[in-house]
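The text follows the structure shown below.

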Amino acid sequence: MSAKTIVVTRPSGQARQLIEVLMSSIERSGVAKRSLPEIVSLPLLTIVPKADHSLADHIATTLKDADLAIFVSPNAIECVMRLLERDWQEFSKKIIPIGVMGGSSKLALQNHGIGQEKNPTPVLIPKNNEQWDSEGLWQELQSLGWDFKKQKIVIFKGEGGREWLADTLVQAGAIVEAISVYTRVPLDLANPAWHVIREMDFSKSLWLLTSSEAVRYLGQVVKDQFPQGLQTASALCPHQNIADAAKVIGFGEVFTTESGDEALIKASLAWLMI
């Protein structure tokens, strides 16, 4: 294998786009003139949308009198839109504002025409991309001066995951319904993607980690399958919670960067120059 390896751990569809942009950026930058790094995909979790008609009916009914809808990720947006197959503003007599936690989710909404209607759907997002998370969205909601008492808020999420925002909204007096629209399936140990990892020089590897749950699964696999551990490997994380999880499972060097693919790519280029 080449001198350095970058491991992209996102689900396959999302990883493909990041890998293409990352490789293009590396070639343009000239940071690896002698030897291009190997970029490998290790989709630690696969997103499996829920697809039953009863769930679609339940979501449509719930949205009729909702005051705010929150999507925790682009995956949640895609799964809900696939289930509903209708324009967002058709679900209620009033326009339901949407809260998201980061730029990728805002872009996913735009791809479905949300926020670009004649009378645009309000899309709420933390202003500072260093706070693209649950806490940042809560700060943004507080800044609006809303009275959350008796407000009906629907949160679209994956199975499991953090409950912090839902709990915080309930404490503020809101009526919160969290609806799981997808599950996450760990990468099977028999998958060929693991073969590349087994042959890799961990001391020359940078792992792009974008999910705390995926990091915890990686920790289980490393404990059982990789006796050398991750002490010599480096990790790049767009959030402190993910960085903390990476440290727990034994990464020797953990870097944090701002949220968004642009920041991930910039930091990856900097690592290649070390």
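## Contacts of an aspartate and aromatic pairs

Leaving aside neighbours within four places in sequence, Asp-133 is in contact with Met-101, Pro-126 and His-239. The model is predicted. Asp-133 is found in the loop between strand E6 (123–124) and helix H5 (134–143). Its relative accessibility is 13%, so Asp-133 counts as buried, the limit for that class being under 20%.

The side chain of Asp-133 has polar partners of two kinds. One is the side chain of His-239, with which the Asp-133 side chain makes a polar contact at 2.5 Å. The other is a backbone atom: the nitrogen of Gly-136 lies 2.7 Å from a polar atom of the Asp-133 side chain.

Turning to the rings, the count of aromatic pairs comes to nine. One of them joins Phe-71 and Phe-156, whose ring centres are 5.0 Å apart; their planes are at 25 degrees, so the pair is stacked, given that planes under 30 degrees apart count as stacked. Phe-71 lies in strand E4 (residues 68–71) and Phe-156 in strand E7 (residues 152–158), so this pair ties together parts that are 85 residues apart in sequence.

Trp-207 and Phe-251 form an edge-to-face pair, with 5.8 Å from centre to centre and 70 degrees between the planes; the cut-off for this class is over 60 degrees. Trp-207 lies in strand E9 (residues 205–208), while Phe-251 is in the loop between helix H9 (240–248) and strand E11 (253–256), so the pair ties together parts that are 44 residues apart in sequence.

| Residue | Relative accessible area | Class |
|---|---|---|
| Phe-71 | 0% | buried |
| Phe-156 | 0% | buried |
| Trp-207 | 0% | buried |
| Phe-251 | 5% | buried |

Which residues form one aromatic cluster with Trp-207 and Phe-251? The cluster also takes in Trp-194, Phe-202 and Phe-226. Within this cluster, Trp-207 and Phe-251 make the edge-to-face pair described above.

A further ring has a charged residue over its face: Lys-4 lies over the face of Trp-271, at 4.5 Å from the ring centre. The cut-off for such a placement is within 6 Å of the ring centre and within 35 degrees of the ring normal.

Note on methods
Residues are numbered from 1 along each chain as its sequence is written. This is a predicted model: local features need pLDDT of at least 70, side-chain atom pairs count only at pLDDT 80 or more; totals for chains, interfaces and linings use all residues. Side-chain values use heavy atoms; hydrogens and water are left out. Rings of Phe, Tyr and Trp (its six-membered ring) pair if their centres lie within 6.5 Å; planes under 30 degrees apart count as stacked, over 60 as edge-to-face and the rest as tilted. Helices (H or I, at least four residues) and strands (E, at least two) are DSSP runs, numbered from the N terminus. Buried means under 20% relative accessible area, exposed over 50%, partly exposed in between (1.4 Å probe, protein chains only). A polar contact is a pair of N or O atoms within 3.5 Å; within protein, one must be able to donate a hydrogen and the other to accept it, and residues adjacent in sequence count only if both atoms are side-chain atoms. Contact means heavy atoms within 4.5 Å.
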